[in-house]
Structure formats: structure tokens, C-alpha cells
Amino acid sequence: MPAVIEVDNLRKSYGAFVAVDGITFAVQSGECFGLLGPNGAGKTTTIRMLYGFTPRDSGSLRLFGTPCDGAWRLLKGRIGICQQENNLDPDLTVRENLEVFAAYFNLPAAVVHERVASLLRFTALEGREQAGVRDLSGGLMRRLVLARALINEPQLLILDEPTTGLDPQSRHQLWSRLDELKGRGLTTLLTTHYMDEAQRLCDRLVIMDQGRILVEGAPRDLIRQHVGESVIEVVAACDDLRRLVQERALDYEDLGPRLVIYSGDGESLYRELLAEHCHEGCMLRPATLEDVFLRLTGRELRE
Amino acid sequence: MIVLNLSRRLMRVWQRNLLVYRKTWKISFVPPLTEPLLYLTAFGVGLGGMVGTLAYDGAAVEYTAFIAPGVIAITIMQGAFFENTYSSFVRMYYQKTFDAMLATPLTLDEVITGEILWGATKAVIGTMLMMLVITLFGLLHYPHALLLIPAAFLGGLAFACAGMVCTAIVPTIETFNLPIFLFITPMFLFSGTFFPVANLPVWAQLLAQVLPLTHLVELCRSLALGQITVAALVAVLYLLVWCVVLFPLAVLGMRRRLIR
């Protein structure tokens with residue numbers, strides 16, 4: 001089976017600004033693949049090129065094994081897209097949003113009727129069919145965006161920051177829906193700023209910065225490779241602690257008063273620190289994808 | 001030469017707008033039904049008594065009968081132009097409706113063409129409603145006047161394309177004031193709507209001949225008064241050429257604006 005997405009040396013510039021600087025990756029069937037990176041890393045530009053919204057400058061792009069050029073209409077019929085902005089149709093009700101969108105895909109009326117009912121069930125929007133989009137909360141809107149993206153029963157689902165601005169309940173609800181879709185074998189491409197989300201949902205991911213891919217791999221592998229098993233955080237590090245990490249050539253980051261130590265095997269070091277150097281404000285925790293992200297992309301603000 | 005990526009699917013965009021329009025038809029129907037009443041009473045009754053009759057194509061015409069088709073032409077112009085400026089801009093910029101459409105098999109060319117056809121359709125709906133009222137005044141000559149419906153579509157297309165060209169260019173929604181002040185309002189006044197173009201100084205007459213509303217008024221007047229004049233045929237030709245030129249410009253402009 002060919003890869004669902006094959007991107008080779010994809011590039012896009014806006015004047016002198018290089019948004020995407022030669023990226024290459026492939027997403028296999030059934031996979032949930034993440035595109036991570038700070039603002040301006042080129043995630044959304046990449047996604048927009050993937051569904052033909054933004055023309056690419058160079059590089060090749062194949063979807064479902066088919067070269068994209070000249071085949072967009074056919075290919076877009078097989079993709080479902082949740083764009084970053086909520087662009088539900090505010091002039092229409094919940095049901096009409098789904099029906100009108102189905103019409104853009106030229107779906108026959110009988111199919112639409114059935115599919116709208118099942119999607120309303122799937123996204124727990126039953127009973128709100130007649131509600132106007134303007135009256136929906138952020139969480140409900142997001143669910144409707146997901147339902148709308150699934151109206152054509154896509155073989156590839158593209159989600160651009162699907163949970164930004166949602167409360168934890170809505171986020172977990174959306175995740176469970178995505179789990180269910182994954183169970184059905186749907187291939188998903190996802191961007192997010194939430195590392196816990198990426199860690200939870202993605203089989204594999206890339207971290208991008210300044211239009212380039214820095215690393216690619218499974219979340220667990222990336223954590224192990226770039227951070228280790230655990231991290232020790234010291235809230236207010238004293239001088240002798242700083243000396244200690246320097247003498248032992250530990251892998252650490254000095255963030256003013258705070259010290260983050262990336263220790264391969266944290267347990268014994270943690271006990272030692274706790275006993276001899278800092279009596280409080282010292283914490284041992286499992287390493288996360290966020291540690292990887294910050295190590296690779298740095299801590300400077302981007303905007 | 002530009003190649004347009006169009007299919008019949010563009011009617012889905014048109015249908016979307018019709019669906020929204022149907023929700024608010026009670027409000028949307030008010031202007032085309034009341035406007036002719038207002039114009040015909042104010043100008044027709046108020047001014048008509050002073051003006052008496054006017055010469056049109058060799059015959060004497062009552063002032064109300066003279067301005068009634070002018071009012072229809074204005075409705076066509078405004079209906080289509082406002083739809084494809086303010087309303088299209090809101091859908092494009094604020095509601096991101098076009099972005100959502102472009103995540104489906106619809107092409108941008110289809111979205112824009114569907115919008116333009118909808119603008120022309122609104123002009124037709126407005127014209128038909130107005131015709132109901134004006135017919136009650138006995139100011140339309142049938143069956144010729146029935147041709148006002150296709151004329152409204154042609155005129156609607158012309159102003160829809162013009163509106164879409166503006167939408168492709170304006171940086172903000174407030175900027176529409178400019179084409180309205182410089183293009184729409186002068187036409188409203190000087191295109192033979194409320195008095196014959198022949199009353200203008202020669203240079204202004206020539207200028208008026210360049211403006212699309214002059215031709216649309218000419219076409220509407222000839223149909224409303226029940227005679228197909230040469231000027232009316234010229235008007236059809238002019239409006240066709242106008243559409244052929246401005247439609248590709250509208251599509252190209254929107255491509256330039258949205259595809260990046």
C-alpha cells in the first residue's frame with residue numbers, strides 16, 4: 001500500500017521569508033502523524049500545501065500514491081480538513097452546515113441524510129441540529145467542525161490545532177473521538193501546540209522550526225533520545241548545586257534561578273540532591289515531549 | 001488568456017447563498033417592494049406635475065413612466081453590486097466561508113463564479129418584485145416588459161463582476177466607500193435615470209455613454225415602454241462586452257488575493 005502522504009523536499013517562500021524550507025516526510029496508512037513547532041515554524045503553510053490551498057514553490061507531493069498536480073478535485077474529495085480558524089457558516093444552523101458542506105462534495109441526498117444523523121451522534125450534537133452556529137460554545141463549534149470534516153468519509157483527516165482554546169472536558173472528548181476514528185483505520189495529520197496532546201495521539205511526529213524538520217520519530221523514542229527517562233527540576237538552585245552539575249558534566253539547562261537537569265537515570269541523583277543540596281523545591285518527574293520540544297527549539301519567544 | 005477551472009458544482013455556492021437568503025426573505029423583500037413606491041411618489045407625483053411629459057424615441061412619455069425603468073435599473077445595479085462587495089467581503093474576510101469551501105472539491109474559480117451568479121440572481125429577484133409594484137401603477141408594457149427579467153440578469157452580471165473586482169482589491173470593508181462614491185453614485189444621478197442624458201452638456205453625454213448604468217437604463221426603458229430600440233440592442237452588446245472583460249478580471253483578482 002502506498003503512503004497516504006509523501007512529501008519530498010517541499011518548499012514555499014513569501015518574498016524573502018522562507019516559510020517551508022525543503023521538508024521531506026511520509027505518513028503511512030492508519031497512522032496519526034504530528035507536525036509540531038513554534039509559531040512561524042511552517043506547520044500551517046505545510047498543511048495548506050497538502051490540500052492544495054497554497055501552491056508550493058518546489059518539491060513533490062503525492063497523496064494516496066497519486067501526484068497531486070492536476071488531481072486536486074479528486075484528491076480533495078478524499079480528504080477531511082479542520083482548518084485552524086472556526087470557519088463554520090454562521091448564517092446556517094448546525095444541520096445546514098453539514099448538509100451544505102455535503103453538497104460541496106456532491107454527495108447524493110440519501111447518503112447525506114444518513115451521514116448527517118450518524119455524525120451528529122458521533123460528535124454528541126444530537127438535539128442541537130436546529131441551533132444557529134452563532135449560539136454554539138467553542139467546544140460545540142469544534143465538534144461541529146470535526147463532524148463537517150468527516151462528511152465525505154475521508155481517508156485522510158487533517159487537523160490544524162483542533163483543540164486550541166478548548167476546556168479540558170472538550171479536549172478529552174475530542175481525543176476520544178479521534179481515538180475511535182483511528183480505531184477505524186483513519187489516517188490523521190495533526191498540528192498542535194499541546195505536547196501532551198501530541199504525545200497522547202501521535203504515532204509519529206516531526207518537530208519543525210524555521211521551515212525545517214529538526215527531528216522525526218515516535219514520541220517515546222524522541223523523549224528517550226533527546227532527554228532521557230526523567231527530569232529533575234530545581235526551583236531555586238543554590239551555588240553549590242550549580243557547581244555540582246558543572247563538575248559532573250551533567251546535561252542541564254540554567255534558567256535563572258531555576259535549574260533543569262536531564263538525567264538519564266534520575267532516581268539516585270535525585271535522592272542525592274534532596275539529601276545534600278536542596279531540601280525543597282526539587283522535583284523528579286518523567287521526561288515529556290515538551291522537554292524535547294523546548295530543548296530542540298529553544299526557549300526564546302517567537303513573536 | 002486565462003484558463004478557468006469551472007464545473008457545474010459552482011451552483012452549490014449559489015445554492016448556499018439562496019438557502020441563506022430564503023431564511024431572511026421577509027426582510028429582503030421589503031426594499032424592492034417599497035423602493036418603487038417611494039421613488040414613484042416622490043419623483044413621479046411630486047416632480048412629475050412640474051415636468052409633465054418627456055420626449056422618448058419620438059413619442060411623449062409621462063414622467064413617472066420615464067423614471068420607473070430608471071428605478072428598476074438602479075435596483076439591478078445596487079442589488080448586484082452590494083451583494084458582491086459588502087456581502088461577498090463579509091463571507092470572504094470575516095466568515096472565512098471561502099476558506100471552508102476551498103477545503104472541498106470546489107475551486108476558487110467556482111466559488112467566485114457562484115458568488116457572481118448569485119449577485120445577478122439577487123438583481124433578478126429584486127427586479128421581479130419591483131415589476132409587481134410598477135405593474136400596479138400601469139407603467140409597464142407587456143409582453144415586452146417580461147424581457148426585463150433577462151435584462152436584469154445581464155445587468156446584474158455586469159455589476160456583480162464590477163463588485164467582485166472591487167472585492168478583490170479593497171484592503172478593508174470601509175474602502176468600498178470609494179467605488180460607491182466615485183462610480184455608483186454618479187451613475188445613479190447622471191445615467192439617464194431621472195432625466196434624459198441628452199439634457200447634459202455634450203462632454204457629460206459622452207462620459208455617460210461609457211458608464212454601464214446608462215446602457216442598462218436605456219435597455220430597461222425601451223423594454224418597459226414596449227419598444228425595442230437600436231440603443232437597447234447596443235446596450236445589450238455593451239453589457240455583454242463589459243461582462244466578458246470584467247469576469248476574468250474578477251476571477252484573476254480573487255486568485256491573486258486568496259491563493260498565496
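Colleague: Which strands does helix 11 of chain A lie across, and at what angle does helix 11 run to strand 9 of chain A?

Modeller: Such an angle is taken between axes, which are lines fitted to C-alpha atoms (for helices over the stretch in contact), and it runs from 0 to 180 degrees between N-to-C directions. Helix 11 (residues 289-297) of chain A lies across strand 3 (32-36), strand 9 (204-209) and strand 10 of chain A, and runs at about 30° to strand 9. Helices (DSSP H or I, at least four residues) and strands (E, at least two) are DSSP runs numbered from the N terminus, and two residues are in contact if their C-beta atoms, placed from the backbone, lie within 7 Å. This is a predicted model, in which local features need pLDDT of at least 70 and side-chain atom pairs count only at pLDDT 80 or more, whereas totals for chains, interfaces and linings use all residues. Residues are numbered from 1 along each chain as its sequence is written, while chains are lettered from A and ligands numbered from 1 in the order in which they are written.

Colleague: In what order do the 6 strands of the open sheet in chain A stand?

Modeller: Strands are counted as paired if DSSP finds at least two bridges between them. In chain A the order is 6-7-8-3-9-10, with mixed pairing. Strand 6 (79-82) and strand 10 (212-217) stand at the edges with a single partner strand each, so one side of each has no neighbour in the sheet. Neighbouring strands of this sheet are turned against each other by 15° on average, direction ignored.

Colleague: How many bridges pair strand 6 of chain A with strand 7 of chain A?

Modeller: Strand 6 and strand 7 of chain A pair in the parallel sense over 4 bridges, and Ile79(A) stands opposite Leu156(A) in strand 7. Strand 7 (residues 156-160) of chain A also pairs with strand 8 (residues 187-191) of chain A, in the parallel sense and over 5 bridges, where Leu157(A) has Thr188(A) of strand 8 as its bridge partner.

Colleague: Which residues of strand 6 of chain A are buried on its two sides?

Modeller: In a regular strand the side chains alternate between the two faces of the sheet. Strand 6 of chain A is covered on both faces, with Ile79(A) and Ile81(A) buried on one side and Gly80(A) and Cys82(A) buried on the other. A residue is buried if 20 or more other C-beta atoms, placed from the backbone, lie within 10 Å of its own, exposed if 12 or fewer do, and partly exposed in between.

Colleague: Why is helix 1 of chain A described as largely enclosed?

Modeller: Of the 8 residues of helix 1 (residues 43-50) of chain A, 8 are buried, so the helix is largely enclosed by the rest of the structure. Among them are Lys43(A), Arg48(A) and Leu50(A). Just after this helix, Gly52(A) takes a positive phi of about 80°.

Colleague: Where do the bounds of the two domains of chain A fall?

Modeller: Domain bounds come from an automatic or database domain assignment. Chain A is divided into domain 1 (5-218) and domain 2 (228-286), and their centres, taken over C-alpha atoms, are separated by 40 Å. Chain A also holds an open sheet of 4 strands in the order 12-13-11-14, with antiparallel pairing. Strand 12 (251-255) and strand 14 (282-286) of chain A are at its edges with a single partner strand each, so one side of each is left without a neighbour in that sheet. Strand 11 (residues 230-234) and strand 13 (residues 258-263) of chain A run antiparallel and are joined by 5 bridges, with Val234(A) opposite Leu259(A). Helix 10 (residues 266-276) of chain A lies across strand 11, strand 13 and strand 14, running at about 15° to strand 11.

Colleague: Which elements of chain B give two or more residues to the side that touches chain A?

Modeller: In total, 19 residues of chain B are in contact with 22 residues of chain A. The elements are helix 1 (11-23) and helix 5 (97-101) of chain B, and helix 1 of chain B gives the largest share, 5 residues.

Colleague: How many helices and strands does chain B have?

Modeller: Chain B has 11 helices and 2 strands. Strand 1 (residues 53-56) and strand 2 (residues 59-62) of chain B pair in the antiparallel sense over 4 bridges, and in their hairpin, which has 2 residues between the strands, Asp57(B) takes a positive phi near 50°.
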